[in-house]
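I opened my notebook to work through this protein one entry at a time. Here is what I looked up, in the order I did it.

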Amino acid sequence: MATTLVRPRTLTEPAPTAHKAPALRHLGPNWYASVMGTAIVATAGATLPYQLPGQRVACRLVWALSAVALAVLLTARAGHWLHHRDQARAHLLDPAVAPFYGCLPMALLAVGGGTLVVGKDLIGTGAAVAVDAVLFTAGTAIGLVAAVAVPYLMVVRHKVDPRQATPVWLLPLVAPMVSAALGPLLIPHLSPGQPREAMLLACYAMFGISLLATLLMLPLILGRLIVAGPLPLALTPTLFLVLGPLGQSTTAVNQLADMAPQAIGAPYAGALGAFAVVYGVPVMGFALLWLALAVCLLVRAAREGMGFAMTWWALTFPVGTCVTGAAGLARHTGLTALAWLAAALFLALLTAWLLATLHTLRGLLTGRLLPTGPPGGLVRSECSAEPGYRRGA
């Protein structure tokens, strides 16, 4: 007689949990980078010094795509928090993933700014102002919270090693700079006097918040590269994130200088116009230096077999901020060289966006990017730097 033994389930062996919406379980905050990268293509293309026939129409379509992507992603992330709160909390407590929460406010701000730049052609100026006001307010509030909350978690909860320092740490610190760059778009729609001046000075305050925090973080990132060597292959594209605060701060001072005469009296308006050039040109020079270094390391990683990861979206938004920064400097200086620089950077941005978009769509169709089962650390593996790898490996 055959006897079948069935081992009873013990208290130490909990039953496997059947999760609702399994495809959303591993949807991390890093996905907002795709919205940012798409929105900046529309904004940068519409503000280029050189315009080709049909260019603005194409920018409208790209903006509409970014708006739809934002709506879909906000819904999906809400489902993630609703059905997978344990995973959402794990992301917050993971030092490799938590900084990506800075992408949410920047996605809101980027789409909102694009609404006023090109979206108004489709929905009208009044509706565009209303949409941007809502997205700017929400994005700014969340961005300021993230700029405090994520560093706080890094200090008191995360266990980080100096060799884990990557440009990803900049993400929550850059969000206030995006507010500083896009807030001026709303100034002409505010009542003259105190409201306009308050918005102008608030944007300068957020400019300072982000700039000084970035200046504190950059030495850690550069020092880690020099001491520990190149980043892991999947993280190499994140080197372009350093361009974000550089290009966005240049964009901010130029945008603020444009609106200063409408918001504040002499002699400050003239001084702020001069500051845009005095600050923007040296910073853009450093941005080009870092761009050259990042490109060299990216080529090295590609030769060593770097495959697609969601970190490729780091090649879009930061480069886009350099496009808008160079375009702003060209507008204030009248230099043709800066206009050509903006055009060249835009071509690089467009190429990177097309590559990232195609690979992302393919990853979604094949299920590789959003697995329904255990991903083997998919989100974290693309966001973390293993501290134990060898220099030059």
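**Entry 1: the surface.** Before noting any area, I wrote down that accessible areas come from the Shrake-Rupley method with a 1.4 Å probe. I also reminded myself that this is a predicted model. The accessible surface of the protein comes to about 17,600 Å². Carbon and sulfur atoms hold 71% of that surface.

**Entry 2: the overall plan.** How many helices and how many strands are there in the protein? I found twelve helices and zero strands. Reading from the N terminus, I could write the order as α-α-α-α-α-α-α-α-α-α-α-α. The protein has 393 residues, and 53% of them count as buried. I then looked at contacts between residues at least 6 apart in sequence, and 83% of these join residues at least 24 apart.

**Entry 3: a nonpolar patch.** Leu122, Ile123 and Val131 make a nonpolar surface patch of about 230 Å². I located Leu122 in helix α4, which covers residues 103-123.

**Entry 4: salt bridges.** My count of salt bridges came to six. I took a few of them in turn.

- Asp86 and Arg25 meet through their side chains, with 2.8 Å from N to O. This pair links distant parts of the chain: Asp86 sits in helix α3 (residues 85-92), Arg25 in the segment before α1 (32-46), and they are 61 residues apart. Arg25 is at 14%, so it counts as buried.
- Asp121 and Arg60 form a salt bridge at 3.1 Å, N to O. This pair also links distant parts of the chain, with Asp121 in helix α4 and Arg60 in helix α2 (residues 55-83), 61 residues apart. Asp121 is partly exposed at 33% relative accessibility, and Arg60 is partly exposed at 24%. I also noted that Arg56, Arg60 and Asp121 are linked in a network of salt bridges.
- Arg163 and Asp161 form a salt bridge with their closest N and O atoms 3.2 Å apart. Arg163 is partly exposed, with a relative accessible area of 40%, and Asp161 is partly exposed at 25%.

Entry 5: I picked helix α6 (residues 171-182) and checked its length. Its twelve residues reach 17 Å from first C-alpha to last, close to the 16 Å expected at 1.5 Å a residue. Why is α6 described as largely enclosed by the rest of the structure? Twelve of its twelve residues are buried, so the rest of the structure largely encloses α6. Among those buried residues I listed Leu171, Pro172, Met177, Ser179 and Leu182. I then asked what covers the buried residues of α6. The cover includes α4, α5 (125-156), α7 (194-228), α8 (243-263) and α10 (317-333).

In α1, 15 of the 15 residues are buried, so α1 is largely enclosed by the rest of the structure.

**Entry 6: Lys20.** Lys20 lies in the segment before α1. Lys20 counts as exposed because its relative accessible area is 60%, and the cut-off for exposed is over 50%. Which residues does Lys20 touch, leaving out those up to four places away in sequence? I found His83 and His84. Lys20 and His83 are 63 residues apart in sequence, yet their C-alpha atoms are 6.1 Å apart in space.

**Entry 7: Asn254.** My last stop was Asn254 in helix α8. Its relative accessibility is 0%, so Asn254 counts as buried. Which polar partners does the side chain of Asn254 have? A polar atom of the Asn254 side chain lies 2.7 Å from the backbone oxygen of Thr250. The side chains of Asn254 and His332 are joined by a polar contact of 2.7 Å. Leaving out residues up to four places away in sequence, Asn254 touches Ala276, Gly325, Gly328, Leu329, Arg331 and His332.

Methods:
Residues are numbered from 1 along each chain as its sequence is written. This is a predicted model: local features need pLDDT of at least 70, side-chain atom pairs count only at pLDDT 80 or more; totals for chains, interfaces and linings use all residues. Side-chain values use heavy atoms; hydrogens and water are left out. Helices (H or I, at least four residues) and strands (E, at least two) are DSSP runs, numbered from the N terminus. Buried means under 20% relative accessible area, exposed over 50%, partly exposed in between (1.4 Å probe, protein chains only). Contact means heavy atoms within 4.5 Å. Patches are made of residues with over 30% relative accessible area and no salt bridge: like charges are joined within 9 Å, nonpolar side chains (Val, Leu, Ile, Met, Phe, Trp, Tyr) within 5 Å. A salt bridge is a side-chain nitrogen of Lys or Arg within 4 Å of a carboxyl oxygen of Asp or Glu. The expected span of a helix is 1.5 Å times one less than its number of residues. A polar contact is a pair of N or O atoms within 3.5 Å; within protein, one must be able to donate a hydrogen and the other to accept it, and residues adjacent in sequence count only if both atoms are side-chain atoms.
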